[in-house]
Amino acid sequence: MPKGRVASWWRAVSGPLGSSRRRLWWTTFVLVTAVCGLWAVANPLFAAPDENSHVVRAVALDHGQLTGEEQKARLREHLDVTPEALKVRVPAIYRDEESACFAFQPNTTAQCAHVEGSTRDVETLTSAGRHPPSYYAVVGMASWLYHPGATVVYLMRFLSVLIMAAFLATTITALRRTALPRVIAVGVLFAITPMVLFVGSSVNPNGPEIAAAVAFWVCTLILVSNARDGIDRRLVTAAGIAGCALALSRQLGPLWLALIGITIAVFAGWDSIRALARSGWARFWAALIVVFSVAQIASDVGVGSLGYTKPPNAAKNIPTADIARFTVGAMFDRYKQMIGYFGWLDTQSPALTYVLWTAGLGFLVVGALALVRRRQVAALLVVIAATVVVPVTLESAVFGRAGGPAWQGRYGLPLAVGVPIVAAMAIASSGRGRQLAEHRLFISAGVMLVVAHILAFAQNLRRYTVGYDGEIQYWRHPHWSPPLSPLVVTIAYALLVTAFVAWFLYSASPRTEEAEDRAKRPAPATAQAARPRSEARTAPGTA
């Protein structure tokens with residue numbers, strides 16, 4: 001089919017779906033749900049880190065057990081568990097010790113996994129017993145919809161996927177309020193790594209936490225960039241909901257919010273911050289985020305969910321030099337974990353995935369450093385420095401008490417996603433940066449993203465069907481298979497992720513509705529209208 005016909009067909013199909021904010025939101029929501037849903041189907045149950053503990057936590061919480069009972073010291077030593085592992089009562093089927101038999105063994109397929117057993121309540125341990133309850137209260141509702149077993153776990157995954165999809169749909173809808181939404185969409189797409197989709201499709205609060213962070217970064221940056229031209233109450237609401245969700249998702253939510261706030265203040269300048277602060281609606285949501293953050297901190301301290309306690313048989317008296325050597329030396333592994341390091345940290349993405357993702361990130365960062373103004377360069381350097389320094393500092397602080405490594409790259413993704421987003425926002429707000437907004441940029445970025453995603457997904461599925469080093473054509477003689485054929489799942493994912501990336505890039509452009517809203521907005525003051533066009537940051541916000 002000729003190139004022109006392909007473009008015409010795509011516009012004819014996707015045009016009506018993005019003709020209004022509501023249609024744009026729902027179309028994006030369905031696409032993200034489908035993409036993450038395939039990850040949820042392609043992975044065996046309990047394939048994600050500690051997913052079994054998260055399932056137990058959700059079931060126990062929604063059946064009246066707020067945390068759990070701490071084990072006695074002698075029993076902990078016998079079981080080789082830390083005080084973080086609390087005793088709860090849940091159906092025995094969730095305690096099945098063979099459910100994650102492939103963990104840490106990349107060449108062991110999921111054939112050994114069996115989620116079966118009695119539905120009678122028994123005592124079991126969960127390492128997530130002290131984690132913030134908000135996420136578990138939501139996904140745990142699945143335990144009331146069906147009798148205990150694998151179906152409940154899939155329902156929990158689906159609820160987690162819906163939360164992810166809602167925040168990412170809000171993100172793409174917010175981009176239409178900017179002057180160069182496709183440039184920013186490229187940054188958002190590089191923020192949504194394969195690891196984000198993987199963890200977001202499992203029972204784990206980390207996925208919704210990252211999605212909420214993406215929405216908060218984007219909505220808040222757009223708000224402060226447009227603050228002098230008016231405050232969009234809907235955008236404030238979206239940013240407020242995302243901020244509250246981020247505060248309550250996991251233990252470090254308040255810390256990420258504080259660091260994001262500092263970066264955004266540096267990016268926008270105090271004039272824009274003051275303009276935003278004059279909005280009563282913005283002050284209301286800011287106060288609510290602060291209240292939830294304080295409540296989360298109080299909860300963390302009260303139940304002891306911060307920090308780590310050394311397992312009974314862990315190494316003791318680790319020298320400070322060894323701690324520093326490990327935490328700094330592990331930085332590259334942590335970086336790869338942010339892009340795609342699946343399973344129980346036992347399945348790396350193909351090398352090409354890391355190369356393509358690094359090339360895209362490097363282009364955005366170098367482009368921003370070379371083309372934008374000092375204040376925005378400072379903001380980008382702040383978030384890069386925080387992404388590097390904060391994880392090293394936190395892990396070093398608890399390394400001795402934990403008796404070894406205690407950090408995973410995905411833990412820092414709520415902050416790290418800000419690197420491509422801030423870089424793309426800075427480029428889009430620069431007069432020289434707008435010269436990059438050519439069709440070739442979006443096609444190149446789209447191809448890189450699609451190839452990287454497909455390779456990562458295929459390698460993850462290969463690991464569970466034939467083993468990490470198994471046959472390349474893993475669909476021919478699989479030892480384990482998801483509910484659908486591995487080949488069908490792979491082809492479906494390739495099509496869906498292509499549509500997902502194309503939709504993000506195509507739909508992120510101003511439409512008639514936004515233009516009409518801007519036309520209704522009162523004309524700016526003379527001094528504001530006289531601002532040179534090359535210094536404009538984003539298009540005026542909608543009322």
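Buried, in this talk, means under 20% relative accessible area. Keep that cut-off in mind. The model is a predicted one.

Start with two residues that meet this definition: Phe190 and Trp357 are both buried. Where do Phe190 and Trp357 sit in the chain? Phe190 is in helix α7, and Trp357 is in helix α16, residues 351–371. They are 167 residues apart, so this pair links distant parts of the chain. Their rings pair edge-to-face, with 5.5 Å from centre to centre and 75° between the planes.

Stay with helix α7, residues 181–191. It packs with helix α19, residues 418–428. The angle is about 170° and the axes are 8 Å apart. Over 145 degrees counts as roughly antiparallel, so that is what α7 and α19 are to each other. Who meets whom? On the α7 side, Phe190 again takes part, and Val183 and Ile184 are among the others. The α19 side includes Pro420, Ile421 and Met425. By class, this contact has 11 nonpolar residues, 1 polar and no charged ones.

Now the rings. The whole structure holds 20 aromatic pairs. One of them is Trp25 with Phe29: centres 5.1 Å apart, planes at 10°, so stacked. Both residues are in helix α2, residues 21–42; they are 4 residues apart, so about one helical turn separates them. Is each one buried or partly exposed? Trp25 is partly exposed, at 21%. Phe29 is buried, at 15%.

There is also a cluster: ring pairs link Trp39, Phe198, Phe342, Phe457 and Tyr493.

Last, charges over rings. The charged end of Arg233 sits over Trp281, 4.5 Å from the ring centre. Lys336 lies over the face of Tyr354, at 5.8 Å from the ring centre.

Conventions
Residues are numbered from 1 along each chain as its sequence is written. This is a predicted model: local features need pLDDT of at least 70, side-chain atom pairs count only at pLDDT 80 or more; totals for chains, interfaces and linings use all residues. Side-chain values use heavy atoms; hydrogens and water are left out. Axes are lines fitted to C-alpha atoms, for helices over the stretch in contact, and angles run from 0 to 180 degrees between N-to-C directions. Helices (H or I, at least four residues) and strands (E, at least two) are DSSP runs, numbered from the N terminus. Angles under 35 degrees count as roughly parallel, over 145 as roughly antiparallel, 65 to 115 as roughly perpendicular and the rest as oblique. Contact means heavy atoms within 4.5 Å. Ala, Val, Leu, Ile, Met, Phe, Trp, Tyr, Cys and Pro count as nonpolar, Asp, Glu, Lys and Arg as charged, and the others, Gly among them, as polar. Rings of Phe, Tyr and Trp (its six-membered ring) pair if their centres lie within 6.5 Å; planes under 30 degrees apart count as stacked, over 60 as edge-to-face and the rest as tilted. Buried means under 20% relative accessible area, exposed over 50%, partly exposed in between (1.4 Å probe, protein chains only). A charge sits over a ring if NZ of Lys or CZ of Arg is within 6 Å of the ring centre and within 35 degrees of the ring normal.
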